[in-house]
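Student: I have a protein model open and would like to learn how to read it. Can we go through it feature by feature?

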Amino acid sequence: MSKLTHNKRFIPSFLVIVILIGIGTIFIKNKSTTLEITKEKDITRKIKSMTLEEKVGQMLQAERSQITPQEIQKYNIGSILSGGGSSPNSNTADGWVDMYNEMQQAALNSSSGIPIIYGIDAVHGHNNVKNATIFPHNIGLGAANNPELMYQIGAITGKEIAATGLNWDFSPAVSLAQDIRWGRTYESLSENPRRVEGLIGNYIKGLQEQNIAATAKHYIGDGHTTFGTGDNDYLIDRGDVQITEEELREIHLPSYKEAVSNNVKTIMVSYNSVNKLKMHENKYLITDVLKEELGFEGVVVSDWEGINEINAPTLEEKVALAINSGIDVLMQPYNWAEIYNIIINSVNESKISEERIDDAVYRILKLKYDLDLFDNPMAKSQSDVLGNEEHREIARKAVRESLVLLKNEENILPLSKDQKVLLVGPGSNNLGFQCGGWTMEWQGVEKNSLTYGTTIREAFKSVLGENLYTNFSKAEEADVIVVVIAEKPYAEGFGDNEDLTLNSSTVYKNNINTLEKVNELGKPVVTILLAGRPLLIDDYIEDWDAFVMGWLPGTEGNGVSDVLFGDYNFKGTLPMTWPKTIDQADDSMIMENYDGANYQFEYDFGLVY
Ligand code: GLC
């Protein structure tokens, strides 16, 4: 047998083995890239089988209007969000679910086969969706201060989110507003960390029991920025927190400890800086403190283009700083494709380690595993769940408990049901003012038809019938006048307001005209204020026989009539110090600049019948 023959015989079997191994490897590779995740330990195996491109895709969150299903599939995108007011053409449960399922199917067809997770700001109910139950904004819930109610609100919000197919809620804000000139004061439950801690755990539990991921936000110190340091031309929003680390830990960390101890699945990084270092590049506070010291094992998500505001000359450097600081999901609604390429290049240039990428992807896949997304990726519509009677009854109860009685001369309240009442003012018949910002539109909407609900006027009408007057021409016949004054809807920095008077930038202009007209009538006056924070009322309150703070009550205006006509007593107390002058706007008992002597009303004040 010639050497050649021998070799020839030797070569074919060797080749056969190589070919078999090759096929096997391809098979295993292909097999593992569509490896099913049925057990937690499959996550690690899955990550080992994924390409860098597939991993990086999982770290990106694009806005629904800025990406196609084809791109979701091509880039293995891990997450989609709706910005404030961003809804499908058909703003119904069916419309949302159809949109979600189309995106989900594309994700399942991607090379990694990993389902998407879809986030939205349902911050006082599922507020992007028409006919959803809209609860009082957080500041009113802080006034109610009822942990059990917070659990119910979290659970109902979760059910209504699930009814539209989504699975991630960028809520609750655990902000501790220290300066009420801040436009996001109404998203804060209280200035006092003890009050906030007692409420957020139950909300997170209620929401996550519906298989919806909660988000404690914005980490850390968002409510404590210094006036005048705001970013993006804002006065205070996204500004600089100028306190010691000890104060930061004592005031703002407990809420996150409470959230983590209640297994919050995600935490959103704040736009603000702490002593001039942007939170989005704060490795110490995100990785060393939140992930290691507090043991947070969930997903850290950046805020909307928050990475862009990092102090570095190039986007490449900003992205590397953000990811190396511990951010796992990048909320980059528009330039997600550019960021995708930047991350891949940065890993290949060793500016971001593969270990950091693997850690982020593990957290992301674990989140999806915990939400059963691998087993049940597709959604089904439950339109009967949205805004149903049972949910609205809980929201009505929340309105009742959020109201704070601050003045009641000669017990003019409760009103009697056979009195003749003149009800006037910009807030008396406007769902838009009742709901405030983050309702159907990012900045809210100043009109009635934005969604379905009950205005204060409709609620009073159902109690008084013909004895309700809504026109000044009937003033003579009225026994009492109820005037509802209101702030305009606003969100974030657009609500920053430097003087907080009743004719300032965020307050509806004709409040004062209405108050002046009411004063000329010489009748008993009950004033209700719908606003996202205390306003300066010292020049007016003398003319009011009774005064009720209504905050931003949402769709169930009948909660107001329930209490004003005495079917229920007042329960709410002030979650914020109420300043008498603008220089007291940033006073709070927390910073010990609280002398308690000459405020309009003190923290935790509230009267009852
Ligand atoms: C916003 C807010 C944040 C919200 C996010 C997504 O700018 O700061 O609270 O969750 O973007 O809408």
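Student: What volume does the largest cavity have?

Tutor: Start with the general idea. Rolling a probe the size of a water molecule over the atoms shows where empty space is left. Keep in mind that this is a predicted model. Here the largest cavity has a volume of about 60 Å³. The search of the whole structure finds three cavities of 30 Å³ or more.

Student: Which residues line the largest cavity?

Tutor: W182, R184, H218, D222, T225, D237, R238, S270, Y271 and N272 line it. Sort that lining by class and you get two nonpolar, four polar and four charged residues.

Student: And the largest pocket? How much space lies in it?

Tutor: A pocket is open, while a cavity is one the probe cannot get out of. The largest pocket holds about 370 Å³ of space. Its lining has 18 residues. Nearest its centre lie A162, N211, N376, M378 and A379. By class, the lining of this pocket has nine nonpolar, six polar and three charged residues.

Student: Now the fold. How many helices and strands does the protein have?

Tutor: The count is 19 helices and 17 strands. Next, look at the overall dimensions. The radius of gyration is 27 Å, close to the 25 Å that the globule rule gives for 609 residues, so the protein is as compact as a globular protein of that length. Along the principal axes, the C-alpha atoms fill a box of roughly 125 × 50 × 35 Å.

Student: How do I read a sheet? In what order do the six strands of the open sheet come?

Tutor: General idea again. Strands of a sheet pair through backbone hydrogen bonds, either parallel or antiparallel. In this structure, six strands form an open sheet in the order β12-β17-β16-β15-β13-β14, and the pairing is mixed.

Student: Why is one side of β12 and of β14 left without a neighbour in the sheet?

Tutor: Both stand at the edges. β12 (404-408) and β14 (468-469) each have a single partner strand, so one side of each has no neighbour in the sheet. β13 (residues 421-424) and β15 (residues 480-486) run parallel, paired over four bridges. Within that pair, L422 has I481 in β15 as its bridge partner.

Student: Which strands does helix α17 touch?

Tutor: Helix α17 (residues 456-464) packs on this sheet and touches β13, β14, β15 and β16 (525-530). Its direction makes about 170° with that of β13. Helix α18 (residues 511-519) lies across β13, β15 and β16, at about 165° to β15.

Student: What is the strand order in the open sheet of three strands?

Tutor: The order is β6-β8-β9, with mixed pairing. β6 (240-241) and β9 (277-278) stand at the edges with a single partner strand each, so one side of each lacks a neighbour in the sheet. Strand β8 (residues 273-274) runs antiparallel to β9, and two bridges join them. V274 has L277 in β9 as its bridge partner.

Student: Let's turn to the backbone. Where is the peptide bond from S171 to P172, cis or trans?

Tutor: Read the omega angle. The bond from S171 to P172 is cis, with omega near 20°. P172 sits in the loop between β4 (168-169) and α8 (193-208). L413 and P414 are also joined by a cis peptide bond, with omega about 0°. P414 belongs to the loop between β12 and β13.

Student: What about phi? What value does N76 have?

Tutor: N76 has a positive phi of about 55°, although it is not a glycine. You will find N76 in the loop between α4 (69-75) and β2 (79-82).

Definitions and conventions:
Residues numbered from 1 in each chain as written. Predicted model: local features only at pLDDT ≥ 70, side-chain atom pairs only at ≥ 80, totals over all residues. Heavy atoms only, no water. 1 Å grid on protein atoms, 1.4 Å probe; cavity = no way out; pocket = protein on both sides within 12 Å on 5 of 7 lines; lining within 4 Å. Points joined across faces, edges and corners; volume = space filled by probe spheres on them. Nonpolar A, V, L, I, M, F, W, Y, C, P; charged D, E, K, R; others polar. Pairing = 2+ DSSP bridges. Contact = heavy atoms within 4.5 Å. Axes fitted to C-alpha atoms, helices over the stretch in contact; angles between N-to-C directions. Rg over C-alpha atoms; globule rule 2.2 N^0.38 Å.
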